[in-house]
Amino acid sequence: MPKESYSNGRGVSPGVAAFIAAHLQTVDDLQLLVAFVNSSDRWWDTASVGRELRLGEEEARKVLERFASGNLLEIRLTDDVRYQFRPGTHALHQGAADCVAEFGTNPAAVVRAIVEGAGGEAASR
């Protein structure tokens, strides 16, 4: 479906809109998703996520817990809890990949979809 059909070329595809509605509450969530998709073999902890997003560890933990509860992460318990991007289904993996790809080609529309999904409130730090 051509981009022009998504709100006159300004919106996101229906699949990406559904993924955003289900999994992304803030622009920080989007930034983490991009980092996860671009480094899918990497294991993360709250400190590394905090550094990536410039968040405190408690806020980073909340983002990780949301992603884990959305079946986007594998969790490993070692001396610390580690997280790896490993969606539980092919559809989730495809939705995440599509979202990141669409962000690469139409970042304003993806950010707008997140902000509007957050009730129009500022969805970033």
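Me: So a pocket is an open set of grid points with protein on both sides within 12 Å along at least five of seven lines, and a lining residue has an atom within 4 Å of a point. Which residues lie nearest the centre of the largest pocket?
Reply: Ala 21, Ala 22, His 23, Leu 24 and Gln 25 lie nearest its centre, out of 13 residues that line it. Keep in mind that this is a predicted model.

Me: What volume does the largest pocket have?
Reply: The volume is about 150 Å³.

Me: Which element supplies the largest share of the lining?
Reply: That is α1, with 4 residues. At least two residues each come from α1, α4 and α6.

Me: How many of the lining residues are nonpolar, polar or charged?
Reply: The lining has 8 nonpolar residues, 4 polar ones and 1 charged one.

Me: Back up a bit. How many helices and strands are there in the chain?
Reply: The chain has 6 helices and 3 strands. Starting at the N terminus, their order is α-α-β-α-α-β-β-α-α.

Me: And what percentage of the residues count as buried?
Reply: Of the chain's 125 residues, 39% are buried. On contacts, take those with a separation of 6 or more: 59% of them join residues 24 or more positions apart.

Me: OK, α1 again. Which of its residues are buried?
Reply: Val 16, Phe 19, Ile 20 and His 23 are the buried residues of α1. Looking down the helix axis, they fall within an arc of 100°, so they line one face of α1.

Me: Which exposed residues sit on the face turned away from that buried side?
Reply: Pro 14, Ala 21 and Ala 22 are the exposed residues there. Ala 21 and Ala 22 are also among the residues nearest the centre of the largest pocket.

Me: What covers the buried residues of α1?
Reply: The cover includes α2, α4, α5 and α6.

Me: New topic, the core. How many residues are in the largest nonpolar core?
Reply: The largest nonpolar core has 30 residues. Leu 24, Leu 32, Leu 33, Phe 36, Phe 67 and Cys 99 have the most contacts inside it. Six helices and a strand, namely α1, α2, α3, α4, α5, α6 and β3, each supply at least two of its residues. The largest share, 6 residues, is from α2.

Me: What about Glu 102, buried or exposed?
Reply: Glu 102 has a relative accessible area of 11%. Buried means under 20%, so Glu 102 counts as buried.

Me: Where is Glu 102, and what does it touch?
Reply: Glu 102 is in helix α5. Leaving out residues up to four places away in sequence, Glu 102 touches Gly 11, Val 12, Ser 13, Val 16, Pro 107 and Val 110. Val 16 is one of the buried residues of α1.

Me: And Thr 46, buried or exposed?
Reply: Thr 46 is buried, at 4% relative accessibility. This residue lies in helix α3. Outside four places in sequence, Thr 46 touches Glu 57, Ala 60, Arg 61 and Leu 64.

Me: Which strand is Leu 73 in?
Reply: Leu 73 is in β2, which covers residues 73–77. At a relative accessible area of 8%, Leu 73 is buried. Past four places in sequence, the residues it touches include Phe 36, Leu 64, Phe 67 and Tyr 83.

Key: Residues numbered from 1 in each chain as written. Predicted model: local features only at pLDDT ≥ 70, side-chain atom pairs only at ≥ 80, totals over all residues. Heavy atoms only, no water. Core = buried A, V, L, I, M, F, W, Y, C linked by side-chain atoms within 4.5 Å. Buried < 20%, exposed > 50% of the residue type's maximum accessible area, 1.4 Å probe, protein only. 1 Å grid on protein atoms, 1.4 Å probe; cavity = no way out; pocket = protein on both sides within 12 Å on 5 of 7 lines; lining within 4 Å. Points joined across faces, edges and corners; volume = space filled by probe spheres on them. Nonpolar A, V, L, I, M, F, W, Y, C, P; charged D, E, K, R; others polar. Contact = heavy atoms within 4.5 Å. Arc of directions from axis to C-beta.
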